[in-house]
Structures are given as C-alpha cells and as structure tokens.
Amino acid sequence: MDGKQQYAGLGTCYLVSGKQIAGCFIGYRTWGKLNAQRSNAILFPTWFSGRSSNIEPSVGAENLVDPAKYFLIVVDALGDGVSSSPSTSTTQHGREFPAITIKDMVNAEHRLATESLHLTHLHAVMGISMGGMQTFEWMVEYPDYMDVAIPIVGSPRLTGYDLLLWYNEENALKSDPAWQGGHYTKSPPLGAVQAIHQMNLTTPANYARTHPPEKFLTDYVEYLTTGVHPFDANDWLAQLDAMIHHDVAHGASMEDAAKRVKAKVLVVAAAQDHMVNPKPALDFAALIGAKTLVLDSDCGHLSNTCKADVMNPAVRAFLEGK
C-alpha cells in the first residue's frame with residue numbers, strides 16, 4: 001500500500017568510526033510501482049528531524065515526484081526516531097547509541113536498496129536539507145548506482161556560518177538542565193534549541209512579516225513549551241552531530257570528490273538560506289558541471305516550499321531528462 005510504514009532489518013550496521021549499531025533497522029515508505037525494467041526507482045532520504053511520514057505533500061503528479069511514473073522510496077535516515085536511533089534502540093539506548101555520520105546514513109540506505117529491496121540501480125537519489133547532504137554523499141560514495149542526483153538546499157560540506165548555528169543548537173541542548181546529560185526519562189522540549197532553529201529557518205524579513213510583534217510572546221512561549229517535540233532530544237543531537245561533521249571529501253579536496261561523480265546532477269539552492277549556506281553546493285555544482293536552480297525568496301531555507309511552483313516542475317523535468 002502506498003505510504004505505509006515499513007521496516008527492514010539490516011543486522012549489524014558497521015559505522016565509519018569503527019563502532020557498530022546492533023540490531024540495525026531502517027524505516028521507509030514507498031509510493032508507485034517498479035516498472036518492468038526496474039529502472040524507475042527514486043530514493044528520497046529524510047531531512048533533519050524529518051520522517052518519511054512528512055513527505056506525502058511532495059508526492060503527486062504536480063508535486064516533486066509523480067508516483068504514476070516512479071517507484072518512490074522515502075527512507076527514514078538513521079537517528080530520526082523511526083529507524084535505528086538513540087530513542088529506538090533497546091540495547092544501545094540514549095547516550096549509549098554510537099555517533100553516526102551522513103555517510104553512515106547513506107551506507108544503511110544503500111543496504112536497504114540492495115539487500116532488502118534487491119535493486120541493482122536507481123533512477124535517482126534526491127533529498128531536501130540533510131536529505132540533500134545525503135544526496136551529495138550518495139553521488140560521491142556510490143557514483144555508479146544512480147542516473148540522476150538532485151540535492152535540494154543541501155551541502156557537500158558546511159561553512160563556518162552553518163557550524164555557528166549547529167554548534168549553538170548543540171550547546172543549547174547540552175546546557176538544558178532537563179537534558180540531564182542525555183539520561184532523561186522523558187524527552188525535554190528544548191525550547192531554546194527550537195528558538196535558535198526558528199531564527200535561522202527563514203530570514204529576518206520573512207519572520208518579521210509572518211510573526212508580528214503583538215504575537216511575539218505567544219510564539220515564544222510556544223517555542224519554549226513545545227520545543228522540538230515530538231522529536232527526541234538525543235535523536236536531535238545524533239543527527240545534529242552527523243551534519244556538523246559532514247564532508248563528502250572526508251578531509252580530501254572537493255576537486256577529488258567531484259571527479260567521482262557520474263550522475264546527471266541538478267543542484268537546487270536557496271539564495272537567502274540562513275540555515276545551510278548555498279555556496280558550497282553551488283561551488284560543487286561548478287566542479288561537476290551540474291545544472292543549478294537558485295531560488296531567491298526571503299523564505300530562506302524553506303524556499304523549496306515557498307517557491308514550489310518554480311522548483312517542482314524543474315525537478316520533474318530533470319527527472320525525465322529534459
């Protein structure tokens with residue numbers, strides 16, 4: 001059934017750190033069907049704090065992916081509270097869960113595609129934000145496995161400005177007394193983390209327009225009381241750390257990483273993105289001769305939503321080779 005939550009057991013996931021996730025499993029949902037040639041599969045990893053259940057608005061004939069044409073596999077990235085995560089592991093719960101990287105997420109997704117779904121090739125890999133980071137990792141780490149790659153408001157490596165944001169979120173999380181060093185019995189709301197997140201999700205102009213000062217106290221109290229719920233605090237931290245250490249070149253040069261890419265690539269960036277700086281993605285696009293689409297909107301990191309009327313048809317056309 002389209003959109004039904006499914007799970008794949010992977011046994012042990014061996015991480016780039018040398019550590020392991022015991023009883024590793026991946027959640028995913030699918031829409032559409034494989035064609036007779038098994039050539040229409042698209043893998044779509046989730047964004048930071050996102051889950052496969054959040055993707056349905058992007059599925060449809062006029063949206064990002066038409067399930068009448070493609071077999072869409074939306075994968076819950078490690079650490080999202082659906083796949084193996086600090087909150088879902090019974091043997092490595094909470095702070096006992098090993099640190100994960102974007103590459104670990106991609107390696108697990110590759111195992112899902114090859115071992116569980118028995119796919120020898122994908123038509124495309126695409127994703128938004130942290131899903132875009134995973135897409136960059138996919139095109140470098142598994143260059144022969146897809147025809148097309150479309151990272152959307154993602155990055156191959158974070159800038160100092162990105163790190164300033166993510167380290168501030170991490171420090172706010174760890175400084176929250178309710179976090180209790182990660183050994184809480186009930187996940188804390190992390191109101192300060194949510195406030196920092198909201199400050200950078202769009203732009204000052206957008207926030208000022210959509211959140212008038214007379215509503216400020218109401219909005220701020222909601223940030224403090226709801227926070228990042230329903231996302232678990234240790235899960236948030238696990239994915240946060242994965243982004244902080246993200247680098248598709250893994251310490252080498254971006255030029256060398258770019259030489260590995262074989263897919264046709266469309267890089268979608270947001271010109272006014274305050275959450276994931278667009279420059280590294282656009283620089284990488286130049287290195288690989290990729291097509292680019294720059295969304296200019298004061299929606300910032302959410303420009304893919306605000307400018308969906310521009311982005312969606314461009315993505316659909318690129319998927320079709322146009």
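This is a predicted model: local features need pLDDT of at least 70, side-chain atom pairs count only at pLDDT 80 or more; totals for chains, interfaces and linings use all residues.
Residues are numbered from 1 along each chain as its sequence is written. Local features need pLDDT of at least 70 and side-chain atom pairs pLDDT 80 or more, while totals for chains, interfaces and linings use all residues, and side-chain values use heavy atoms, without hydrogens and water.

User: How many aromatic pairs does the structure hold?
Analyst: Rings of Phe, Tyr and Trp (its six-membered ring) pair if their centres lie within 6.5 Å. The structure's number of aromatic pairs is 8.

User: Are the rings of Phe 48 and Trp 166 stacked, tilted or edge-to-face?
Analyst: Planes under 30 degrees apart count as stacked, over 60 as edge-to-face and the rest as tilted. The centres of these rings, Phe 48 and Trp 166, are 5.6 Å apart and the planes are at 75°, so the pair is edge-to-face.

User: Are Phe 231 and Trp 236 buried or exposed?
Analyst: Buried means under 20% relative accessible area, exposed over 50%, and partly exposed in between (1.4 Å probe, protein chains only). Phe 231 and Trp 236 are both buried.

User: Which ring has the charged end of Lys 264 over it?
Analyst: A charge sits over a ring if NZ of Lys or CZ of Arg is within 6 Å of the ring centre and within 35 degrees of the ring normal. The charged end of Lys 264 is 5.6 Å from the centre of the ring it sits over, that of Phe 318.

User: What is the relative accessible area of Leu 224?
Analyst: Leu 224 lies in helix H6 (residues 216–226), a helix being a DSSP run of H or I with at least four residues, numbered from the N terminus. Leu 224 is partly exposed, and its relative accessible area is 36%.

Notes:
Helices (H or I, at least four residues) and strands (E, at least two) are DSSP runs, numbered from the N terminus.
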